[in-house]
Amino acid sequence: MRAVVRRGPALVVDDLATPEPAAGQVLVRTLCCGICGSDLHAVHAMETMVALSARTGEPGLIDPARDIVFGHEYCAAVLDHGPGTDRRLKTGTRVVGMPVVPTPRGFETVGYSNLFPGGFAQQMVLTEAMLLPVPNGLSDVAAAMTEPFAVGEHAVAESDAGADTVNLVVGCGPVGLAVIAALKARGLGPVIASDYSPARRRLAEQFGADEVVDPAADDPHARWAALGVPHSRTERSLLAMTGGTGKRAVVFECVGVPGVIQSLIERVPVGTQILVVGVCMQTDSIEPFLCINKSIALKFVLAYTPDEFAATLRHIADGTIDVAPAVTGEVGLDGVADAFAALGEPDRHCKIVVRPGT
């Protein structure tokens with residue numbers, strides 16, 4: 001089968017052996033697969049990612065010196081069943097699923113594994129129990145967006161966002177758009193979206209942001225008071241003396257660049273919850289005294305649960321979330337390397353989908 005292989009810091013198209021499904025696994029044909037921001041980082045920083053993961057106590061299952069086939073945002077069609085499967089998904093069924101394969105060594109991640117090639121290959125081996133059938137009428141590309149939009153679903157589920165909060169999303173790339181979509185799917189607002197890119201601000205509007213801010217020209221933090229959020233501890237105390245409570249700020253950091261968390265800590269109102277969704281792999285620094293003095297809750301979130309993944313698929317299928325505006329390009333395997341470069345230009349692209357069969 002043909003695949004795009006991460007070989008050192010380069011992406012090359014090569015022919016690989018077709019994987020064989022083991023017990024509890026199915027062989028699938030990749031219909032399409034989105035390029036994730038993590039893939040963009042991993043091309044040149046896989047060694048750093050592996051080293052940092054090892055420091056969290058997780059078993060080291062990836063050797064960055066060996067071939068890796070990226071791609072974990074996939075829609076695929078079942079080709080064959082391995083031993084011990086219940087065959088609930090018949091041959092030809094289109095599926096999406098969490099990119100996780102349990103093995104005796106630990107959990108392998110499809111697309112970040114030397115053993116399980118991801119969706120930038122024509123075929124993959126997936127865990128049968130992790131797969132969900134794609135509802136009739138839903139396109140392959142829309143179905144493939146389940147995985148990235150489930151990240152936003154999880155971030156919002158882990159937050160305090162509710163009827164009494166004002167929500168600021170900082171960074172309107174795919175992760176920020178997924179957060180906005182999850183907030184609006186719950187009917188929550190107001191949602192303020194902030195991004196330097198005009199193209200991404202337009203996308204934020206399409207996904208339902210109530211206010212969109214260019215931080216180069218306008219300060220998103222200047223809106224808190226007008227939206228009912230007391231900024232200082234004194235302001236909140238005075239409001240309480242008159243029987244009021246005011247609203248609370250919830251901020252989603254979806255950039256993942258050093259310095260952003262500290263800048264938010266300095267600017268957000270007292271009592272703010274900051275959800276860190278963007279992945280920063282560099283050493284960063286914050287001033288804890290500011291967090292303590294302002295009673296800031298800082299929370300880091302990752303991935304999603306099976307229920308959140310399934311809920312996201314339902315939201316996309318029933319039209320609650322329209323993922324189409326986020327997809328700005330499609331390429332075949334031979335175009336993947338150029339697509340990685342193009343995704344470095346935020347005004348040009350948001351999400352590019354790979355179709356291995358073309």
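The largest nonpolar core holds 51 residues, and the members that touch the most others are F149, L177, I180, L183 and F252. Helix α4 (residues 174-185) supplies the largest share of this core, with 7 residues. Please keep in mind that this is a predicted model. As a bit of background, nonpolar side chains tend to be buried together in soluble globular proteins.

**Nonpolar cores**
- Leaving aside residues up to four places away in sequence, L177 touches F149, C172, L203, A204, F207, A326 and C350.
- There is also a second, separate core of 40 residues, and its members include I68, V78, L89 and V101.

**Aromatic pairs**
- The structure has 4 aromatic pairs.
- One of them joins F149 and F207 in a stacked arrangement, with 5.7 Å from centre to centre and 25° between the planes.
- F149 sits in helix α3 (residues 146-157), while F207 belongs to the loop between α5 (198-206) and β12 (211-213), so this pair ties together parts that lie 58 residues apart in sequence.
- F149 and F207 are both buried, and both are among the residues that L177 touches.
- Y304 and F309 make a tilted pair, because their planes meet at 50° with the ring centres 5.6 Å apart.
- Y304 and F309 are buried too.

**The six-stranded sheet**
- Six strands form an open sheet with parallel pairing, in the order β12-β11-β10-β13-β14-β15.
- The edges belong to β12 and β15 (297-300); each has a single partner strand, so one side of each has no neighbour in the sheet.
- From one strand to the next, the twist averages 20°.
- Within the sheet, β13 (residues 248-253) and β14 (residues 273-276) pair in the parallel sense over 4 bridges.
- V251 stands opposite I274 in β14.
- In general, strands of a sheet pair through backbone hydrogen bonds.

**Cysteines**
- A disulfide is a covalent bond between the sulfur atoms of two cysteines.
- The count of disulfides in this model is 0.
- C33 is in no disulfide, and the nearest cysteine sulfur, that of C32, is 7.5 Å away.
- C33 counts as buried because its relative accessibility is 0%.
- For C75, the closest cysteine sulfur is also in C32, at 5.2 Å, which is too far for a bond, since a disulfide needs the two sulfur atoms within 2.5 Å.
- C75 is buried as well, with a relative accessible area of 0%.

Methods
Residues are numbered from 1 along each chain as its sequence is written. This is a predicted model: local features need pLDDT of at least 70, side-chain atom pairs count only at pLDDT 80 or more; totals for chains, interfaces and linings use all residues. Side-chain values use heavy atoms; hydrogens and water are left out. A nonpolar core is a set of buried Ala, Val, Leu, Ile, Met, Phe, Trp, Tyr and Cys residues joined through side-chain atoms within 4.5 Å. Buried means under 20% relative accessible area, exposed over 50%, partly exposed in between (1.4 Å probe, protein chains only). Helices (H or I, at least four residues) and strands (E, at least two) are DSSP runs, numbered from the N terminus. Contact means heavy atoms within 4.5 Å. Rings of Phe, Tyr and Trp (its six-membered ring) pair if their centres lie within 6.5 Å; planes under 30 degrees apart count as stacked, over 60 as edge-to-face and the rest as tilted. Two strands pair if DSSP finds at least two bridges between them. Axes are lines fitted to C-alpha atoms, for helices over the stretch in contact, and angles run from 0 to 180 degrees between N-to-C directions.
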